[in-house]
Amino acid sequence: MTVTVVVGNPKLASRTLTAATLVAKGLRPDAEPGVIDLVSFGAGLLSWGDPAVAAAVQAVAASELVVFASPTFKATYTGLLKLFLEQFDGGTGLADVVAVPVMLGAGPVHAFAPDLLLKPVLVELGATAALPGLYLSDRTFQEDGVIERYTDRWRAVAQALGTRTANHA
């Protein structure tokens, strides 16, 4: 199983990256996730045809499970993640990919953001987004047990969906 983490935080090696990696490992402990930290692409995300961005798009499209993670900026996911998602074809770009939307924020006011704002875009691109989105406190996610409870609850579903989409590819 190919598992990938896509991080839309404008800070390299961010808490968002840490949280997304923990989610990926919790859902698929049998697979070491590949990491795409979008900030490393810089201006390459602003135009079509950048080879590094194209390779990342291919890696994501070929993955069975992808955790898409972003901090909450202005009540939604970052423009950095939006620029990357624009690289995928509508309806088919994420076909056969199980996508998990994860967002971090300072408080519970944006707790529905992963499901209301990020998940619809992933579905529009063809992803299977059957798992609920996950919203995490950017200050306490490493010790509050939320990731562990989420991954314990949804691990079997993620594994079953990953196997199902892999069989259809």
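**Close-up views of a predicted model**

**Figure 1. A nonpolar surface patch that includes Leu-117****.** Leu-117 is partly exposed, its relative accessible area being 34% (buried means under 20% relative accessible area, exposed over 50%, partly exposed in between, with a 1.4 Å probe and protein chains only). This is a predicted model, in which local features need pLDDT of at least 70 and side-chain atom pairs count only at pLDDT 80 or more, while totals for chains, interfaces and linings use all residues. Residues are numbered from 1 along each chain as its sequence is written, and side-chain values use heavy atoms, with hydrogens and water left out. Leu-117 belongs to helix H4, residues 113-124 (helices, H or I of at least four residues, and strands, E of at least two, are DSSP runs numbered from the N terminus). Together with Phe-112 and Leu-116, Leu-117 forms a nonpolar patch on the surface with about 330 Å² of accessible area. Patches are made of residues with over 30% relative accessible area and no salt bridge; like charges are joined within 9 Å, and nonpolar side chains (Val, Leu, Ile, Met, Phe, Trp, Tyr) within 5 Å. Accessible areas come from the Shrake-Rupley method with a 1.4 Å probe, and for residues only the protein chains shown count as cover.

**Figure 2. Ile-36 in strand E2****.** Strand E2 spans residues 34-37 and contains Ile-36. This residue counts as buried, at 9% relative accessibility. Val-5 is 31 residues away from Ile-36 in sequence, yet their C-alpha atoms are 6.0 Å apart in space.

**Figure 3. The salt bridge of Asp-30 and Arg-28****.** The structure holds five salt bridges (a side-chain nitrogen of Lys or Arg within 4 Å of a carboxyl oxygen of Asp or Glu). In the bridge between Asp-30 and Arg-28, the closest N and O atoms are 2.7 Å apart. Asp-30 is exposed, at 52% relative accessibility, whereas Arg-28 is buried, with a relative accessible area of 8%.

**Figure 4. The salt bridge of Lys-82 and Glu-86****.** The side chains of Lys-82 and Glu-86 meet at 2.6 Å, N to O. Lys-82 is partly exposed, at 34% relative accessibility, and Glu-86 is partly exposed with a relative accessible area of 39%.

Figure 5. Asp-152 counts as exposed, at 52% relative accessibility, while Arg-155 counts as partly exposed, at 23%.
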